[in-house]
Amino acid sequence: MMSFDLAVLPVTQLSSVETTILRHENFDQRPADVAKGLPDIPPYEFRYRYTTKYHWPDILDNQTISHGSPLPEKAEGPFGFFSGISMNSSAQQCVEDKRYAPPSEKCMSDPLTCPGAGISFSVFFNREMEYDSRFYDSIERSLYEKEYLMSSGGSVDSKTPGIGLYIQGIWLVAEVVVSDGRAWVAETIIPFPLGVWSNIGLRWENPNNRSDPNAPYVGLQMFINSDRRKAWAPIPTMILQGMKKGFDPPRFFLGCHADPVDNTLRYFGTGMFDEPAIWDSFINDTRLEWLSAGFEAEFQNTTVSSVRNAIKNADLKDPDNRAATIFLLESTSASNLQGLEDALDPDLAEASKVEKTTDGQKVDNFLETFELVTDPKNMPDKTTTELGAKDIMVRKYAGTKDWGVQAVLANFISGNDKGWDELTKNADYKGGRLDMIMNTENFVSRTLDNVEFAPDQKKLEIVNEQKEFFSSTMKYRYEELVRQAEQPGEEFFRFPETMDDVDAFGNPTVACDVPKKYCREDSTEPKFPSIQMNYYRRAENWIPTDKVDPLDKLTPYNRIDSKVISIHLGGCEIDYTILRQPGNQISCRFVHKISEKAKTTREPLFHPEEEDFQIMIRRCARWNPDIDKFGSWDKSGCFVESTNPEETVCKCSEFGMLAILAEKIEAHQVAKEELWLQIFKYLGYVLSALALIFFIGVIAANRKTLWDQFHPMRMQMAIACFIGNMFVVLTDIESVRDDRHTCTAFSVIIHYFYTAMGIWLALECWAAFMAVTQGVIGGRLKAYSLLAWGLPLISVGVALLVNMQKYGTDPRCMIAFDNEIKWLFFGPLLVFAAFGFVLACIVLCNLTTSKMRADHIVSDLNPVCFGLALVCIYFGLTWSTGVPAYFVFSWTFNIPSFYPLFQVMNAYTGILILLFLGFHSPRWRGVVFRKQIEKGILILLFLGFHSPRWRGVVFRKQIEKRKLREQQEAAKKPIMEKTPEPEPEPPGRKIYTTT
């Protein structure tokens with residue numbers, strides 16, 4: 001086996017390598033010296049997304065299968081890149097991609113088939129090596145287990161073609177095996193520092209398909225951070241016999257290995273991985289930065305403060321400094337922001353008592369640094385087309401670099417969520433991401449204004465696609481723009497211009513027509529019209545929807561129902577008169593995020609053909625930075641031209657950030673009822689229903705006895721209570737709550753009958769009051785009936801008239817969710833209860849001095865008024881607890897739920913009506929027990945009075961009273977003497993006498 005380490009190569013061989021390097025032009029081409037603390041950047045495009053054949057920027061999102069238990073997790077990536085992945089061999093963790101390449105592409109399965117004179121691949125790796133005592137005994141790598149970093153199935157041991165990169169002991173080994181049996185193996189003692197990120201890059205030149213046959217053959221070379229000085233295999237290390245075929249279709253492994261001979265996953269690696277990349281070509285010396293994508297190892301522990309200090313001390317009007325500064329900002333924005341304590345050793349940071357920097361402070365420090373670059377004072381007064389494009393950030397423009405302020409913006413707003421959240425809670429900085437977006441847009445506009453055209457240049461067009469937005473920026477000579485606008489069908493800029501750009505927008509989409517005629521023709525100012533159109537993929541999640549212009553009277557229940565697009569016109573004096581003309585306005589077609597029909601203020605919220613709506617109304621709105629401290633949504637200057645469930649077309653005479661602002665029907669949630677509450681509630685409603693039916697039946701069946709005035713009033717009040725209770729129970733059915741029409745109808749019934757119940761209670765108290773104070777006991781039942789059943793109609797009608805659209809929106813079908821609508825029901829109810837209670841108390845206090853002379857009526861009113869007072873108190877307390885039970889208050893303190901208390905009290909109202917307005921009334925009680933009394937009298941007559949002893953016991957007191965009265969009368973008469981009468985002769989004896 002033959003391998004080379006450049007560090008131990010003989011001088012002659014090393015010199016030949018250096019000679020080869022110097023033959024290639026521009027290899028060492030670097031920009032002029034930049035300010036201290038700023039990075040050197042190569043003069044060519046080197047970003048992975050534009051140079052690689054296959055690239056996995058977000059490994060867990062790009063992979064097909066994750067292996068291991070637990071599965072691999074995300075980890076902080078290298079400086080300038082987003083998060084990587086952490087894997088552990090003990091958990092047999094690795095990731096695999098089976099669908100990254102079509103079966104027809106065999107480059108990874110057999111490098112001989114790569115079209116570009118070879119293959120190149122790289123990966124970022126970070127690991128703390130564990131101590132192994134065997135290192136002191138032997139460095140022979142065959143004694144140690146392999147730990148693969150990346151593999152496509154290539155293996156010298158299995159004789160399968162492909163590539164492989166692994167650690168074995170203290171050795172870093174790379175293998176390239178091709179289908180004809182030749183194998184290149186480059187190995188070196190681990191050449192990178194441990195515990196920090198390093199880029200391991202390799203390139204292999206195909207000896208059968210060389211781009212420059214006259215140059216020395218390179219073979220397989222290993223690079224660390226794009227520096228070629230580590231390992232080299234300039235000739236095939238070995239020729240393998242009995243080769244097997246590679247994977248078909250191709251497969252890629254990160255952190256493990258498998259091959260067609262043994263498909264078992266094995267040789268798991270430990271560490272952190274990021275940005276695996278593959279090129280189906282041999283990277284020549286002039287493009288070595290492709291391997292590491294411009295990674296600067298010395299900036300790994302860069303803090304936000306050090307970046308800010310470096311930029312502060314740099315001349316930002318110098319083009320090289322500006323390019324290096326913006327590249328440094330882009331790299332910083334793509335990394336986890338670090339404070340001073342993050343860059344120091346933990347023990348040193350603790351010993352030095354370094355104050356911890358919060359996430360919000362880090363974001364704030366970065367924004368201050370970003371503002372230094374975008375500050376007009378630090379911008380060139382004039383700039384060239386190319387340099388201006390570099391500052392803005394371009395995707396394809398004359399081979400310029402892939403960084404700029406828009407790239408910084410895209411990176412920074414897509415992450416740092418904790419910092420942004422902390423920052424937006426600060427009263428002095430509520431702008432959040434939106435403030436950075438608008439700052440960037442203003443910078444782009446100023447840069448366009450500073451660009452000087454060449455004498456023959458007519459326009460500048462820049463198209464930029466980033467992760468978070470899509471941008472189209474243009475600058476024209478005025479004459480050229482006028483010429484285009486006069487061409488039929490060319491009167492507008494169309495954004496996006498092609499269907500490919502539409503696809504880049506994602507879903508939902510937006511399309512705008514921007515008029516080319518917007519400059520004042522009679523203006524003497526220079527005219528170089530500039531147009532900036534930006535489409536933001538997630539701005540609707542960052543821009544506050546509760547901030548609206550108070551003059552617009554928009555409700556706070558808003559959401560952005562479309563993507564956000566930003567349009568800026570500049571470069572000349574704007575003629576708003578032209579922009580207001582029909583046919584020359586900014587026109588945007590927004591596809592809704594929620595595809596449904598919206599309500600209008602003229603349309604009732606419930607009708608036969610209605611479906612389940614979430615959107616009340618849609619408006620075209622623009623973000624106006626001049627309202628309030630940080631801006632606000634404003635509907636002035638825009639209007640809805642047409643709308644349907646899928647999309648809305650807006651016409652605007654003002655430009656800025658545009659979107660569809662939808663007033664949403666709020667989704668209201670209620671807590672699930674406990675089992676004990678359901679038992680007590682339903683038991684109470686059932687008992688109340690039986691009690692009310694009995695109470696109503698007694699009065700209805702005894703019209704001759706109880707049809708005075710008071711009992712019919714109580715009967716109708718009981719009917720209203722019975723119907724109200726019944727529909728409250730029915731609203732617990734899920735199908736009733738889910739159907740908007742049924743819920744609204746039940747709300748109307750509940751509103752009507754409970755209001756009628758409260759009015760009947762108040763009217764009966766009034767009738768009792770009139771009877772006691774005026775002596776009026778009848779003749780007004782019809783008038784009372786008209787009031788009791790008519791006033792609730794007015795109450796319901798007013799509620800529907802005030803806001804019919806929100807009636808029936810309560811999740812329990814209790815009138816409406818809005819407190820304003822509920823007060824139209826609860827307010828009168830509580831007033832009537834209080835009115836009745838006061839009158840009942842007045843009647844109780846005046847019964848002794850009543851103007852009613854009929855004693856039997858007064859004796860009947862006394863218990864009735866007492867019962868009325870108790871029922872009114874109970875009714876008022878019940879519905880008073882209903883206010884906190886059903887109303888939604890924005891209190892800062894927590895209160896217990898009153899809903900269970902209200903439901904239990906309301907459920908047992910019928911029982912109280914039976915007890916205090918039924919059994920407590922002597923007349924009602926007499927009617928109920930009349931038959932029992934008659935039966936008792938018959939028993940008394942036939943079984944009692946027929947017995948002398950029973951009669952003697954019953955009438956003993958009466959007899960004693962009569963004897964006593966006779967004795968008293970006898971004692972008052974005088975005593976008179978009588979002559980004794982002769983004794984009568986004994987029977988059978990006769991006495992004869994003689995004369």
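Colleague: Are Asp732 and Arg737 buried or exposed?
Modeller: This is a predicted model, in which local features need pLDDT of at least 70, side-chain atom pairs count only at pLDDT 80 or more, and totals for chains, interfaces and linings use all residues. Residues are numbered from 1 along each chain as its sequence is written, and side-chain values use heavy atoms, with hydrogens and water left out. A residue is buried under 20% relative accessible area, exposed over 50% and partly exposed in between, using a 1.4 Å probe and protein chains only. By that rule, Asp732 and Arg737 are both buried.

Colleague: How far apart are the closest N and O atoms of Asp732 and Arg737?
Modeller: A salt bridge is a side-chain nitrogen of Lys or Arg within 4 Å of a carboxyl oxygen of Asp or Glu. Asp732 and Arg737 form one, and their closest N and O atoms are apart by 3.1 Å.

Colleague: Which residues do salt bridges that share partners join into one network?
Modeller: Asp732 and Arg737 belong to this network. Through shared partners, the salt bridges join Glu673, Lys681, Asp732 and Arg737.

Colleague: How many salt bridges are there by this rule?
Modeller: Arg266 and Asp259 form one of them, with closest N and O atoms 2.5 Å apart, and both residues are buried. Another joins Arg210 to Glu205 at 3.2 Å, where Glu205 is buried, with a relative accessible area of 3%. By this rule the count comes to 24.

Colleague: At what angle do the axes of helix 19 and helix 21 cross?
Modeller: Helices (H or I, at least four residues) and strands (E, at least two) are DSSP runs, numbered from the N terminus. Axes are lines fitted to C-alpha atoms, for helices over the stretch in contact, and angles run from 0 to 180 degrees between N-to-C directions. The axes of helix 19 (residues 710-730) and helix 21 (residues 740-774) come within 8 Å and cross at roughly 160°.

Colleague: Is helix 19 roughly parallel or roughly antiparallel to helix 21?
Modeller: Angles under 35 degrees count as roughly parallel, over 145 as roughly antiparallel, 65 to 115 as roughly perpendicular and the rest as oblique. The crossing is at roughly 160°, so helix 19 is, relative to helix 21, roughly antiparallel.

Colleague: How many nonpolar residues are in the contact of helix 19 with helix 21?
Modeller: Ala, Val, Leu, Ile, Met, Phe, Trp, Tyr, Cys and Pro count as nonpolar, Asp, Glu, Lys and Arg as charged, and the others, Gly among them, as polar. Two residues of the contact are charged, three are polar, and the nonpolar ones number 22.

Colleague: How many residues of helix 11 are buried?
Modeller: Helix 11 spans residues 405-413 and is mostly covered. Its buried residues include Gln406 and Asn411.

Colleague: What is the omega of the cis peptide bond between Ser69 and Pro70?
Modeller: Most residues other than glycine have a negative phi, and most peptide bonds are trans. Pro70 lies in the loop between strand 3 (65-67) and strand 4 (73-75). The bond that joins Ser69 and Pro70 is cis, with omega about 0°.

Colleague: Where is Glu275, whose phi is positive?
Modeller: Phi of Glu275 is near 50°, a positive value in a residue other than glycine. Glu275 is buried, with a relative accessible area of 4%. Its place is in strand 17.
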